[in-house]
Amino acid sequence: MAALWFLRITPLLFLSIGSRFDTIITIHMQSCIAVFRQSHLGKPEKEVEVRQLMHWMLSILLSTVVLIGINAQAAIAVSPVQYDLLIRNGRVLDGTGNPWFRADIGIVGDRIVAMGRLSAATAIRIVDADGRTVTPGFIDIHSHADGPAYGARGLRSDDPRRRAAPNLVAQGITTVIVNHDGRSLWPIADQLASLLRKGTGLNVATLIGHGTVRGMVMGDDFRRVATDMEVDSMRALVRLAMQQGAFGMSSGLEYAPGRWSDTREVMALVTELAPYEGIYVTHERSSGADPMWYLPSSDETTTTFLQAVSETIEIAERTGVTSVQTHVKARGANYWGSSYAAIDMIERARRRGVPVWADQYPYNTTGSDGNTVLIPSWAIQGTGPIPPAQRVQELLLDSTTARRLRADVAHEIRRRGDAENIVVLEFPNQLFVGKTLAELASELGIAPVDVALTLQTTGFEDRRGGAALRGFSLSDVDVEAYAGQPWVATATDGWIALPEDGLTHVRVYGTFPRKIGYYARDRGLLSVSDAVRSSTSLPAQIIGLTDRGLIRVGMKADLVVMNLQELRDNATLFDPHRFPSGIDYVLINGQVVLEDGHPNGALAGAVLPPPNR
């Protein structure tokens, strides 16, 4: 009987937490049936009296009728409810990967306080999302919106236009994780304090850089493996950074000074993240057949991307720390297709419980591709006032040096995607601009290596390479293979850009619309709901955020309202400063920061503390 009376009051309990009425009825009926079955478990049917059955059925009927009446009375008693902001009639993709459902969303302050049919409610401001899709705000797990190299042009800038991050907000980004590639400020506490003092247009979480702590301990003597005592000193710095509010550690194992570290050193530092439930995000030792520093004329040893993935898996498996293979790729025309091997390695590790993930920007050109220089640095080092054009002309006079130079240039052309995928952006002769090395080779009747040398000797004489070039070092085959994986989060690897900055990477304006609009909606490489998940709840899960990344009552009101059919990235190689289409509204912490597709400059972001500290 106690169970029966409990069932009779469950409708009141459900009403008190504001659940949807149809859900209440379903749950209540199921609860009644479940309790009945439990109370008669193991009894033959003949022992269940008809009178008892009737008693149960009558109780279910009466309690349901009472529920209907109470719901109606409650609606009359509390309506109309007033919210600070009400989003009506939207198709909600809640970030889980589930299909959309129609719901209104009521917001008070910085949180979602109600969802469902809120037709009787009023609000200070109402956004009509009829015909539009509402998603959680996008979480950029690999961002350079702030950090040691972006202070004056990042979220700590003195210019409020930059701190508003218009190019990032316009593509639906509401939260960024910064200090990547092993580079961070020190101490982390000062960076957080500056962000708080100046105000930020985005929510921000920070990492501590492996390269930063390595440099602090080893100084200029970093071109070697660290001693045990030096590793212990680095561990202490990592612990301090975590105590100050870092979410984890990043590494840049292809860059100085991390390039000279060994797995032992990195693993020791990653171990320090475990008590804080921190994450490890690694820029791998190589993203192709060899690292970016490798030249066949100078270096004997090398590392492949697959070896780098193996190292990340080993670190994650032995430490138990959530690890992210960041901006996962397969760089170089001689390495295309290797994504399938990397995917297999990671999936096999995940099947045995290794906490390894990845992130990706959905473009076939990298950040360093925008600074493609085909002439090796050794060719012009130590030449004093001699311009690069003159120095290269002199080197070509010596047959031995010329062969060495040509070999390095040919290697760099392959690494940047081959001659048909390297485009001239700036050159004194405007007839060259916009053409590929392959096109110029055909027009001039020379080999691609000779085109590269011609650009140097006849172009901007004081610029190494003689021209501004962009390579397309990634294959769409690999980009698409990674894009469809459920363990790959979307990330920009981008920064804050304003039109006066000149040419920039298209990913800083279009990453998230491209993933959802092109790769999901148009190409069908994954569902739209899964593409939204890869941009919202997946990065939140990886990072450990518990109040963002989903649309739920009680979650922070970071939201995007978009016209899914019109969603597309508009930035181009020669005209990159173009906002995407289809994103109508963006909310950060309940405040509208983009209206009708235009950022309003609001600084509504917050500095995020790790959730478990």
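By class, the residues that line the largest cavity of this predicted model comprise seven nonpolar, three polar and two charged residues. The lining consists of His327, Val328, Lys329, Ala330, Gln360, Tyr361, Tyr363, Leu474, Ser475, Asp478, Val479 and Tyr482. Among the contributors, helix 16 (residues 476–483) gives the most to this lining, with three residues. A search of the whole structure finds four cavities of 30 Å³ or more.

The account now turns to helix 11. Helix 11 has 13 residues, and the distance from its first C-alpha to its last is 18 Å, close to the 18 Å expected at 1.5 Å a residue. Its buried residues are Ser339, Ala342, Ile343, Met345, Ile346 and Ala349. Viewed down the axis of helix 11, these buried residues fall within an arc of 160°, so they line one face of the helix. On the face of helix 11 turned away from the buried side, the exposed residues are Tyr340 and Arg351.

Arg352 forms a salt bridge with Glu317, with 2.9 Å between the closest N and O atoms. Because Arg352 lies in the loop between helix 11 (339–351) and strand 13 (356–360), whereas Glu317 lies in helix 10 (residues 305–319), the pair ties together parts that are 35 residues apart in sequence. Both partners are partly exposed: Arg352 has a relative accessible area of 48%, and Glu317 has one of 39%.

In total, the structure holds 37 salt bridges. As a general principle, side chains of opposite charge can pair when their charged atoms come close. A further example is the pair formed by Arg224 and Asp221, whose side chains meet in a salt bridge at 2.8 Å, N to O. Arg224 counts as partly exposed, at 26% relative accessibility. Asp221 likewise counts as partly exposed, at 42% relative accessibility.

The salt bridge between Glu412 and Arg416 has its closest N and O atoms 3.1 Å apart. Both residues also belong to a network of salt bridges that links Asp290, Arg331, Asp369, Glu412, Arg415 and Arg416.

Val176 has its place in strand 7 and counts as buried, at 0% relative accessibility. In sequence, Val176 and Ala205 are 29 residues apart, while in space their C-alpha atoms are 6.4 Å apart.

The loop between strand 7 (173–178) and helix 6 (188–198) contains Pro187. The peptide bond that joins Trp186 and Pro187 is cis, with omega about -5°. Asp181 has its place in the loop between strand 7 and helix 6 as well. Phi of Asp181 is near 60°, a positive value in a residue other than glycine. This aspartate, Asp181, counts as buried, at 8% relative accessibility.

Another cis peptide bond runs from Ala256 to Pro257, with omega near 0°. Pro257 is found in the loop between strand 10 (248–252) and helix 9 (263–271).

A positive phi also occurs at Asp596, where the angle is about 50° although the residue is not a glycine. Asp596 has its place in the loop between strand 19 (591–595) and strand 20 (598–599). With a relative accessible area of 55%, Asp596 is exposed, whereas Asp181 is buried.

Methods:
Residues are numbered from 1 along each chain as its sequence is written. This is a predicted model: local features need pLDDT of at least 70, side-chain atom pairs count only at pLDDT 80 or more; totals for chains, interfaces and linings use all residues. Side-chain values use heavy atoms; hydrogens and water are left out. A salt bridge is a side-chain nitrogen of Lys or Arg within 4 Å of a carboxyl oxygen of Asp or Glu. Buried means under 20% relative accessible area, exposed over 50%, partly exposed in between (1.4 Å probe, protein chains only). Helices (H or I, at least four residues) and strands (E, at least two) are DSSP runs, numbered from the N terminus. On a 1 Å grid over the protein atoms alone, a cavity is a set of points where a 1.4 Å probe fits but cannot get out, and a pocket is an open set with protein on both sides within 12 Å along at least five of seven lines; lining residues have an atom within 4 Å of a point. Grid points are joined across faces, edges and corners, and a volume is the space filled by probe spheres set on the points. Ala, Val, Leu, Ile, Met, Phe, Trp, Tyr, Cys and Pro count as nonpolar, Asp, Glu, Lys and Arg as charged, and the others, Gly among them, as polar. The expected span of a helix is 1.5 Å times one less than its number of residues. The arc is that of the directions from the helix axis to the C-beta atoms.
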